[in-house]
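Dear colleague,

I am passing on the structure that you will find just below.

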Amino acid sequence: MGGSTRNPGVLQRDDSPSQSPYQRLSQRMLDISGDRGVLKDVIREGAGELVTPDASVLVKYSGYLEHMDKPFDSNCFRKTPRLMKLGEDITLWGMELGLLSMRRGELARFLFKPTYAYGTLGCPPLIPPNTTVLFEIELLDFLDSAESDKFCALSAEQQSQFPLQKVLKVAATEREFGNYLFRQNRFYDAKVRYKRALLLLHRRTAPPEEQHLVETAKLLVFLNLSFTYLKLERPTMALRYGEQALIIDRKNAKALFRCGQACLLMTEYQKARDFLVRAQREQPYNHDINNELKKLASYYRDYMDKEREMCHRMFAPGDNGSTVGEN
């Protein structure tokens, strides 16, 4: 993980044969627990704020026993790691303390003494009793879900007492949660998060000089909802939210494109063409827009062919010389 070319669980030998590899490694690591129970070595620095308590984290990790070539636990085989909440989904005390010392993008190596790992009993048959373990952890991202959950639990009146920036921050967090769930193909759950964000923004009235901040935030949520409803195969709702986005920004290429896609699914070909041509006008070289117009032309040709065939059958002469459909 993180570009490592060798197994961190098996360290190089040096001139101290009386010490184990983990003992030698621990001498150059930072004590973050205060009792040397959790030691840290930063491989790649991160950026931004530290992980907050009760946050939900997106991490890649691999756990090693001393002298072992392969990890006893790893999620690096997953294409998209699962979002995990501190205090609920993270079971190792040492890992939770380690994550609280990390920033986005950071890659670090940790040693967890038994008290902060699997204890005096271990975890048979993989982890022997009283075992120190090494974990390599990469923090991809984290979301401050505790702040968002607490705020959303307040009444509309209570929420109105907070400054606008607080509301915008919580709405952005809800949208980020939705984005994560969307990437996991959990479209229904993503929709719920997006709608929570939209509710917060709808509730809030802002002075004229700050209203553009609310509208900008709404625009992003409308676009997300339109795309999500397309994935849920509900084009009517996708069109509705796409049109809401266009009220804020009538030249928004994404909104025009989503509306065109929705109309195409609804077989409203003329409306689909109108939206897609407008989108193409804003972004003439957009590959997705141009492909959708080609798809529309193909569907429309098929549709017209079927219409002509149906008309031909309706008005073709019958065996008795009359036309089909006459009384």
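Predicted model: local features only at pLDDT ≥ 70, side-chain atom pairs only at ≥ 80, totals over all residues.

Residues are numbered from 1 along each chain as its sequence is written, and side-chain values use heavy atoms, with hydrogens and water left out.

With a salt bridge taken as a side-chain nitrogen of Lys or Arg within 4 Å of a carboxyl oxygen of Asp or Glu, the count comes to 11. One of them pairs R109 with E136, whose closest N and O atoms are 3.6 Å apart. This pair links distant parts of the chain, since R109 lies in strand β8 (residues 107–112) and E136 in strand β9 (residues 133–143), 27 residues apart; helices (H or I, at least four residues) and strands (E, at least two) are DSSP runs, numbered from the N terminus. Both R109 and E136 are buried, where buried means under 20% relative accessible area, exposed over 50%, and partly exposed in between, with a 1.4 Å probe and protein chains only.

R193 forms a salt bridge with E174, with 3.0 Å between the closest N and O atoms, and here R193 in helix α6 is linked to E174 in helix α5 (residues 164–183), 19 residues apart in the chain. R193 is buried at a relative accessible area of 17%, and E174 is buried at 0%. The side chains of R196 and D149 also meet in a salt bridge, at 3.9 Å from N to O, and this pair links R196 in helix α6 (residues 187–203) to D149 in helix α3 (residues 145–152), 47 residues apart. R196 counts as partly exposed because its relative accessibility is 27%, and D149 is likewise partly exposed, with a relative accessible area of 32%.

As for the cysteines, a search of the whole structure finds zero disulfides, a disulfide being a pair of cysteine sulfur atoms within 2.5 Å. C263 itself is buried, at 0% relative accessibility, whereas C76 is partly exposed, with a relative accessible area of 30%.
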